[in-house]
There are 2 protein chains.
Amino acid sequence: MSSLHLLSLLFLLSSFPVLTTPSPTYPQFLGRFSHRKKPTQTNSNAYSYETRYYTQQLDHFSFIGDTLGLGGDSHFQQRYLLGSTDKWARPGGPIFFYCGNEGDIVWFSENTGFVWEIAPRFNALVVFAEHRYYGESMPYGSKEAAYSSAKSLAHLTSAQALADYATLIVDLKRNMSSQDSPVVLFGGSYAGMLAAWMRLKYPHIVIGALASSAPILQFDDIVPADTFYNIVSNDFKRESESCFNSIKKSWDVLEAEGKDQNGLLKLTKTFRICHTLNNTGDLLDWIDSAYSYLGMVDYPYPSDFLMPLPANPIKEVCRHMDDDSDGKTLAERIYAGVNVYYNYTGNYTCFDLDDDPHGMNGWQWQACTEMIMPLASNPESSMFPPYDFSFADREYECHMTYNVSIRPHWITTEFGGHNISTVLKKFGSNIIFSNGLLDPWSGGGVLQNISESIIALVAPLGAHHIDLRPSTDEDPDWLVNFREAEINIIESWLSDYYHAIGTFSSVLSDRSDHTGTSSR
Amino acid sequence: MSSLHLLSLLFLLSSFPVLTTPSPTYPQFLGRFSHRKKPTQTNSNAYSYETRYYTQQLDHFSFIGDTLGLGGDSHFQQRYLLGSTDKWARPGGPIFFYCGNEGDIVWFSENTGFVWEIAPRFNALVVFAEHRYYGESMPYGSKEAAYSSAKSLAHLTSAQALADYATLIVDLKRNMSSQDSPVVLFGGSYAGMLAAWMRLKYPHIVIGALASSAPILQFDDIVPADTFYNIVSNDFKRESESCFNSIKKSWDVLEAEGKDQNGLLKLTKTFRICHTLNNTGDLLDWIDSAYSYLGMVDYPYPSDFLMPLPANPIKEVCRHMDDDSDGKTLAERIYAGVNVYYNYTGNYTCFDLDDDPHGMNGWQWQACTEMIMPLASNPESSMFPPYDFSFADREYECHMTYNVSIRPHWITTEFGGHNISTVLKKFGSNIIFSNGLLDPWSGGGVLQNISESIIALVAPLGAHHIDLRPSTDEDPDWLVNFREAEINIIESWLSDYYHAIGTFSSVLSDRSDHTGTSSR
């Protein structure tokens, strides 16, 4: 596993073939190996909304935009999806607000069925807001312009994104004459971090946050850097010790094979790579990407989040890897396993490792500026090749790529993380940190209650923000109950709020008339 | 009272003759009428410190500085005063950190004796940090460069200043190997706002804040706009009803006199103005500035904060205004009153209304961007000329001056203020809001307890952050007790903190060995 590769571990994938500009050769992203389709609104009939745009300030924390022009625009159009107001208890009814993450908001809205499903139980208005520099919410008029340089990317930061959401909420409530509406935030993964941080930073704007699979502690030295890969490794070991061992052994074997005469050609064939490999590293990156993502999407039912996959996909991967009935080589068994991830539908006849469509991945920038999340692979416990994280390496790499300096301690300075339970025991309230322990990001999550109202909900068998996904008929009981617990907590926030402002809310009183599809 | 004039009401004065550039003709500042001396370290022998400089990020919330150069520097030198570490209980001993406000930090440190005086009781390290764009903490290498344009001033914002303090504290603790040190913030006036906001935004960095005379509610429509001038008016009425009435009547009388033949010349003579008046407005601004500042510094003992003044200066002003023994005209009596404020020492033979030494007042910029604090004068209750506040006027004026757009709702979006007691009842902790009711800024202060640990301390006879001033032999008992209450609360924060982290603090155990000079 190369350092370049580790740099690029992002939560979700945001590589849509929107524009084609020359790709930077560095850094490579897991995202490029995801062949999922561009989101379309045809999928989202279940969720009724209007697409709207809000004229957003590019820089909330300085007035430089007013004076420099900055390519002619100190504002940009932020897209948001405004759910139907038909059943919204206006004025004063709740607003359920999803903090967009690093990708197209339509796609996130489709994969966050929980919010849509529970909103009717609260007569709540649903809003999905897109994160700046993703999807259609592009400064400077186009993705090409926004991603053209470090200068144009400069305002892609988390604090600016939070200020976008704050500004949008205030404006939305004012325009809908519903200033008393309590706002509950939702977010999964990076968006879960944003939701938690926003509740901490803007308690006057949002009354609570459900932060799902939010690794807000994956910074500095708060958690051991090897946690992520240990969890992925354990996900495999749990299904099959021999599968874990095969993978752990495979790196050296593949490396050695690549050095043989015609080795790269052989590996190219074994792994159905479209273009002959130039080096083994590209292949190994492609393989270990699959494992990490499998850890994230190891859902108990068939899903199509990052890729179309069967239920319990790691079990399925390991079933293939453990199957040596035909006298398969280790390389062939590894291929059979990762093929489950990359080609479960069987649509691909070969794989293109160079298909980064445009090299304009915003997370790449964020990982080179603020989002310095140390990840390492410890040979004692990990099935991945050994790797030590180093701030200096990251600094060097990012300087080469963007000519910016990383700010490795900024996130913990701005948002905290160290000694979080002491800090927040008597400060802050109304946050649910939900985590599934199969999810490698849970290692950086908050796994213990901090106070009476800063709650950790932990699902031993959950993967990456499974609670936010649309309900299915195959949802296990624990998941149904997990969501019900979240709903009850959110209800208590709303109830407290309405009591505090002295308004009797018809919203909450007729909750029993509605049943969300998330309960069976 | 002109709209231009009201725009410029700032807490404190920061017009040091540092550099001379052409003054903008607009807006005028109360500050220019303050003849107080440039701060010198000769005054501060009582407080032992080193002057240090920290290389500070110009823009914490974007990476534009890295890419644009921005005049060649994305960093600047932030000055801070580091108190003696001789008696600091290192490692882990408390740090008392003053959030600098809109002026030279040496001057603030001299006028904030409370922090110096109580630090030994806690074996605490004292730090006074200067606010960016004030004193010596100038981006772009000099005040002239920093104040040369709206572009260079763009990063003079409150959120950037808070991030400066956060970054400085984190770095300071790391460099002194004292990461466990609890940090308590202090601030008066604008700095009090910063202290309160910082405790809310950075609870992981500071354990509590004493926010003295911090009008964090003086934004939007949270408090009535006429509160400030009503309080000043009542300060005068309380001393003398006839004094109040004289002042209230005087505006029309002086206006009329100015229109008489040779009227401006007569007024010039009556008021000892050095250069013949061009219009009556300048004179009226000069006069009403005195009243507002007198409301702020109406201390019960002789002081030299904004100007050298006797004890209870409003009483003294009114004594002169009410004295018509020599058959003085109203104008002469008004002069006799304001002369107490402007010339108590008798050093001036005439007053220069155009002595704005450089027109580079940072608060002027802040009042044209974020710090939109509506102030109005209501003829029903105010002794000042009637005046309505208007966002549109402010926008127009600031656009003319700086070519920037005001962000009138930004402060409440970023920091809150509306429904503060509901919002913070179960969120946040460890803030003291102290206010004196003689202080006109108390109208925008938090005057009621919000929770068990967000406390309002109110001194009916206190003026602008009197609690933070150096103790004197003339301190009334209520003031001694008031400070003692603050000390006890701060002690409880520290005690809670040390218990929470499980460290027994020798600091707190030997408190009884020390007696601060603030107790008698």
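A search of the whole structure finds 72 aromatic pairs over all chains; rings of Phe, Tyr and Trp (its six-membered ring) pair if their centres lie within 6.5 Å, and planes under 30 degrees apart count as stacked, over 60 as edge-to-face and the rest as tilted. This is a predicted model, in which local features need pLDDT of at least 70 and side-chain atom pairs count only at pLDDT 80 or more, while totals for chains, interfaces and linings use all residues. Residues are numbered from 1 along each chain as its sequence is written, chains are lettered from A and ligands numbered from 1 in the order in which they are written, and side-chain values use heavy atoms, with hydrogens and water left out.

**Stop 1: aromatic pairs in chain B**

Select Phe228(B) and Trp441(B), an edge-to-face aromatic pair with 4.6 Å centre to centre and 65° between the planes. Phe228(B) lies in helix H9 (residues 227-239) of chain B and Trp441(B) in the loop between strand S9 (431-436) and strand S10 (454-459), so the pair ties together parts that are 213 residues apart in sequence. Helices (H or I, at least four residues) and strands (E, at least two) are DSSP runs, numbered from the N terminus. Phe228(B) and Trp441(B) are both buried; buried means under 20% relative accessible area, exposed over 50%, and partly exposed in between (1.4 Å probe, protein chains only).

Next, select Trp286(B) and Tyr342(B). Their rings are stacked, with 4.3 Å centre to centre and 10° between the planes. Trp286(B) belongs to helix H12 (residues 280-296) of chain B and Tyr342(B) to helix H14 (residues 330-342) of chain B, so this pair connects parts that are 56 residues apart in sequence. Trp286(B) and Tyr342(B) are both buried.

**Stop 2: an aromatic cluster in chain A**

Move to chain A and select Phe228(A), Tyr229(A), Phe236(A), Trp251(A), Tyr291(A), Phe384(A) and Trp441(A). Ring pairs link these residues into a cluster.

**Stop 3**

Over all chains, the search of the whole structure finds 24 salt bridges. The term stands for a side-chain nitrogen of Lys or Arg within 4 Å of a carboxyl oxygen of Asp or Glu. Side chains of opposite charge can pair when their charged atoms come close.

Select Arg52(A) and Glu50(A), whose side chains form a salt bridge at 3.0 Å, N to O. Arg52(A) is partly exposed at 32% relative accessibility, and Glu50(A) is also partly exposed, at 44%.

Then go to Arg79(A) and Asp104(A), which meet in a salt bridge at 3.2 Å, N to O. Arg79(A) lies in strand S2 of chain A and Asp104(A) in the loop between S3 and helix H3 (105-110), so the pair ties together parts that are 25 residues apart in sequence. Arg79(A) and Asp104(A) are both buried.

Another salt bridge joins Asp164(A) and Arg132(A), with the closest N and O atoms 2.7 Å apart. Asp164(A) sits in helix H7 (residues 158-175) of chain A and Arg132(A) in the loop between strand S4 (125-129) and helix H5 (143-146), so the pair joins parts that are 32 residues apart in sequence. Asp164(A) and Arg132(A) are both buried.

**Stop 4: backbone features**

Select Arg90(A) and Pro91(A). The peptide bond between them is cis, with omega near -10°. Pro91(A) is in the loop between strand S2 (75-83) and strand S3 (95-99) of chain A. In chain B, Arg90(B) and Pro91(B) are joined by a cis peptide bond with omega about -5°.

Asn403(A) is not a glycine, yet has a positive phi of about 60°. Asn403(A) is in the loop between helix H16 (391-402) and helix H17 (410-415) of chain A, and is partly exposed at 48% relative accessibility. Ser189(B), also not a glycine, has a positive phi of about 65°. Ser189(B) lies in the loop between strand S5 (183-188) and helix H8 (190-201) of chain B, and is buried at 0% relative accessibility.
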